[in-house]
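Open the model in your viewer and keep the selection panel handy.

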Amino acid sequence: MGEEGTGGTVHLLCLASSSGVPLFCRSSRGGAPARQQLPFSVIGSLNGVHMFGQNLEVQLSSARTEDTTVVLLVGLEELTNIRNIERLKKELRASYCLIDSFLGDSELIGDLTQCVDCVIPPDGSLLQEALSGFAEAAGTAFVSLVVSGRVVAATEGWWRLGTPEAVLLPWLVGSLSPQAARDYPVYLPHGSPTVPHRLLTLTLLPGLELCLLCGPRPPLSQLYPQLLERWWQPLLDPLRACLPLGPRALPDGFPMHTDILGLLLLHLELKRCLFTVEPLRDKEPSPEQRRRLLRNFYTLVTATHFPPEPGPLEKKEDAVHGAQLPRACYLVLGSKEPGTGLRLVALQLGHRRLLLLLSPQSPTHGLRSLATHTLHALTPLL
């Protein structure tokens, strides 16, 4: 696999490692799907570089020119031992919507954080109770309620799904075209990489879908419409209240400081996150720019200030040497003049990490206090 960016265009290329035959190429420009495709000569050159390094037992990870970046990625073993290329190319088409959504300017962030994008419904206990009852009636432990690719509520079995399937399944549902019901075969990268499970989806309201992960049973006809109406018809009002939560993540009326332009809250143990750039939507910068700033800031602080949790041996060494991990950091963008420049602040407390994008008028001496207050307010929710 390879990725090349030229003049704002990103290409994702997948090649058969043994023969160099292109399996697919997906392109994106400015966050939207693009028709521009890589020339066959470029594809051949990329494969030649890969094969040359492979013969020398060297793995090429990236190559750069002034205006181009090429990244080579290692695919699954199933993609390296191909018996029928044409059949594989046909089967891979089912993944195009998911692949395109990763290349585009998504409102989600689970691809970067490896945490499940979630929202907080106002009537969470009612929805959770109905979800558990529906799951028992349907005969599966893996059920979730998803709005715009974000999990509203889920059964314990669904939350026990490992990474990356817990992130990929709701993202997949959010990337597909709207349908009243689906019976979709999926392979779980960790749970079941060779035998497909069935992903059943039932649309309760436009944009709000019920998702079930199951085996051969139950049949879709058993769930729709009888079982669906029994459990969810009485909850139409709480379900409608979930619809605006897609981009907003938090329930209407949640107290938010007026300087906050966007936030990312991660629960590092549960592998769940809340991500929104909806506060003060009428102010600059745009929602797309806010998402980009928070994504870049997350990458920065994760790599430099908040490294991954240490193992048992490292924890012992830290205790001996009195090492202290930083609890907070901030960044001011743009002009250094007082009262100008967007603020970005990160705060970690226990298993929770909060990142905030703040307006220029927010005083730097109050950033930590504002972040601490916001984290305490959000803690009961996630």
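Buried means under 20% relative accessible area, exposed over 50%, and partly exposed in between (1.4 Å probe, protein chains only). Helices (H or I, at least four residues) and strands (E, at least two) are DSSP runs, numbered from the N terminus. The model is predicted, so local features need pLDDT of at least 70 and side-chain atom pairs count only at pLDDT 80 or more, while totals for chains, interfaces and linings use all residues. Residues are numbered from 1 along each chain as its sequence is written, and side-chain values use heavy atoms, leaving out hydrogens and water.

**Stop 1: strand E14.** Select residues 272–276. Five of the five residues are buried, so E14 is largely enclosed by the rest of the structure. Arg272, Leu274 and Thr276 point one way, while Cys273 and Phe275 point the other way.

**Stop 2: its partners.** Strands pair if DSSP finds at least two bridges between them. Now show E7 (residues 116–117), which runs parallel to E14 with two bridges, and find Val116 opposite Arg272.

**Stop 3: Cys273.** Its relative accessible area is 0%. Which cysteine sulfur is closest to that of Cys273? The sulfur of Cys115 is, at 5.5 Å, too far for a bond. With a disulfide taken as a pair of cysteine sulfur atoms within 2.5 Å, the count is zero.

**Stop 4: Leu56.** Finish in the loop between helix H1 (40–55) and strand E5 (62–64), where Leu56 sits. At 53% relative accessibility, Leu56 is exposed.
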